[in-house]
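Here is a brief report on one protein chain. Start with the overall fold, then turn to one helix pair.

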Amino acid sequence: PRLLPWLAAAAAAVLLLLLWVWQSQSAHSPQRLYAQYYQAYDFPTALRQGDPQLTDRAFQYYEAGQYAEALPLFETALQNQPDRPIWELALAFCQLETGQTAAARSHFEKIYRAQTPLLEEQAAWYLALLALRNGESDRAREYLAPLAADPQADHHREAQSLLEQLD
């Protein structure tokens, strides 16, 4: 009879420990990390060169969160200026925001493979986040590692933090 309170306390302690382990694991789940770190890209004004009537309107929609309205305008901009990867990036974000994840990933991968200055790091960051969203932690690490290793890279600190949370 005297052991009963001790056994109950030990069982409660084990239960609390298991609950804490479960909570800490789920807090760092890839999908939660995606939700924690994802935000739509804020395009610098210097990159927004093109037909002002088309691109100004497209970016107005984009900044207002009206991605479905911006999407066809960025498609047209990309058709008119296929040598401008900024339109590919903008299109990828609109597709991502409208649920066209596979198409968005394809555009991000194209930018990443092309090693376009300034945009390659953005593509790597968002490819890593997409991998997290899909539960592909190892793939996310592949994109995050170069960003974390380069102190000058965009998203350097976020990449370091994410890698620590994934380990």
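## Fold

Along the sequence, the protein chain reads α-α-α-α-α-α-α-α-α. That comes to nine helices and zero strands. Helices are DSSP runs of H or I with at least four residues, strands are runs of E with at least two, and both are numbered from the N terminus.

The model is predicted: local features need pLDDT of at least 70, side-chain atom pairs count only at pLDDT 80 or more, and totals for chains, interfaces and linings use all residues. Residues are numbered from 1 along each chain as its sequence is written, and side-chain values use heavy atoms, without hydrogens and water.

## Burial and contacts

The protein chain has 167 residues, and 41% of them count as buried (under 20% relative accessible area, 1.4 Å probe, protein chains only). Its accessible surface is about 9,900 Å², by the Shrake-Rupley method with a 1.4 Å probe. Carbon and sulfur atoms hold 55% of that surface.

## The α5–α6 pair

Helix α5 spans residues 85–97, and helix α6 spans residues 101–114. Their axes, lines fitted to C-alpha atoms over the stretch in contact, come within 8 Å and cross at roughly 155°. Therefore α5 is roughly antiparallel to α6 (an angle over 145 degrees, on a scale from 0 to 180 between N-to-C directions).

From α5, the contact uses P85, E88, L89, L91, A92, F93, Q95 and L96. From α6 come T101, A103, A104, H107, F108, K110 and I111.

Conventions:
Parallel < 35°, antiparallel > 145°, perpendicular 65-115°, else oblique. Contact = heavy atoms within 4.5 Å. Buried < 20%, exposed > 50% of the residue type's maximum accessible area, 1.4 Å probe, protein only.
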